[in-house]
Structure formats: structure tokens, C-alpha cells
Amino acid sequence: RVSGGRPFLNEALGGRPGCYEVSALTLSDQEIKARKEVKTIFQENGIPKTDIYEHPMAVFGILRSKNPRAPTLVIGSHTDTVQKGGAFDGRAGISMMLETLRVLKEQGIELNISILFTAFSGEESAAFGTAFLGSRALVGEITDDILDQGPPGGKTFQQVLKERGIKPDDLKTPFLTEENFGPIIGFVEGHIEQADNMRNEGVSLQINEAIAGANRQKVVLETN
């Protein structure tokens, strides 16, 4: 059960859970719809409107500690997918995040830290040829080179932002800061395993000690 029985995967995707025909590229109608659904579930689970923040590349809801000096733990995942990426890459982590919120509110659990629930876009590189757009925007690491990225023959990141009424330069200002949310002590993301080791070993849940990073370089080959 997720968030009072409202199935986020069904509502946000408009398709069967697990269906590999699901596509929600960064800043597409389907991806933006997913973030709006997250915002609605934040409200339904008791996060005040004043504690819900909408960023061009993310939506946040904060469950504040009564201690004004408490640090903040970020929990969440991404709403975008690759083409036909299926229902669970990113979305499973968001469902886990929303279930965590529901349980904390339903059972009246008070923590000594604040929890910042977040659903962000732009994790995958499928839409614009470069990954981590949302993460970079939240920490103010969007550059002009990144804004000019786009698929061959397609629209650039900057063009799509403008079509959505978003000022590209706004993504150059950090949002996920201590000034906005207090000292941030970490980020937790629930995620599906993108292999079959856990299934083969009969393991339903594990904690990873490290994750793979990504570094993309543009290579131009010239021949005589």
C-alpha cells in the first residue's frame, strides 16, 4: 500500500505496473504528470503547502523536526525514464519514499532529523544526451554547454526549458542548500536492481556500499 491506498505507479504512469512500454523522458508530459502526482500525495499525507517546494526539475516535501537546528536527510528518486524504460526504474524508489512518508505520518513518528522527500527529473540521458540534469540543477552546476546539449536533429535542453516556460539561467542557481533546508547529511535512494543477482540469490532487499558513477566525453574522429 502506498500513500493511503492511492497507487502512485498506476496514477503517475497511466499504464500497467511493470509495463515496458512506459516512457517518461525528461520534461515530457508524462514525466511532469508524475511530479504533479507526487505533490498531490505529499498534500494528502499531511505536508503543509508551505513545506512543499516546486523547482523546474523537482518537487520537494519536507517533514520538519521540532528541533530547529536538526540536520536534513534527503530521500527520493527520479521521475524520468529512458525510452520504454518500464515502471520501476526511479518510480520504485519514489513509491518507497512515499510509503516512508505515509508510515511516519500515520504512526506519529517524530525524528531528530528533518526528512526532505524529493522527486527529481533529468536523471537519465535519453532526452538530451547527458545525464544528471536534475541533480546538477539542484546544486547549481548547469552550464551553457549543458543547456546546449540535445539529441542529433532534436531540441536542446535549453529549447525545451523555454517551451515549458522555464528560464534556463534559473537552473544555474543552487536550490538544495543549507540556507533552504539546513545541514544536509546524506541522500537515500531506493532502487530496483538492474541485474539478476538478488533474484538468483533469493534476496529481496540489500544496502549498497557504493554505486556506479557516469562520465561522458565527446569524441570527434577525423580521417584523411
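Let me start with strand β2, where both faces are covered: A58, F60 and I62 on one side, and V59, G61 and L63 on the other, are all buried. Buried here means under 20% relative accessible area, exposed means over 50%, and partly exposed is in between, with a 1.4 Å probe and protein chains only. Strands are DSSP runs of E of at least two residues, helices are runs of H or I of at least four, and both are numbered from the N terminus.

This is a predicted model: local features need pLDDT of at least 70, side-chain atom pairs count only at pLDDT 80 or more, and totals for chains, interfaces and linings use all residues. Residues are numbered from 1 along each chain as its sequence is written, and side-chain values use heavy atoms, without hydrogens and water.

Back to β2, residues 58-63: 6 of the 6 residues are buried, so the strand is largely enclosed by the rest of the structure. Strands pair if DSSP finds at least two bridges between them. β1, residues 52-55, runs antiparallel to β2 and is joined to it by 4 bridges; the two form a hairpin with 2 residues between them. β4, residues 114-120, is also antiparallel to β2, over 6 bridges, and there I62 stands opposite L116.

Y53 is partly exposed, at 23% relative accessible area.

Now the rings. Phe, Tyr and Trp rings (six-membered ring for Trp) pair with centres within 6.5 Å; planes under 30 degrees apart are stacked, over 60 edge-to-face, the rest tilted. That gives 7 aromatic pairs. Y53 and F175 have ring centres 6.4 Å apart and planes at 65°, so they are edge-to-face. Y53, F60, F175 and F181 form one aromatic cluster.
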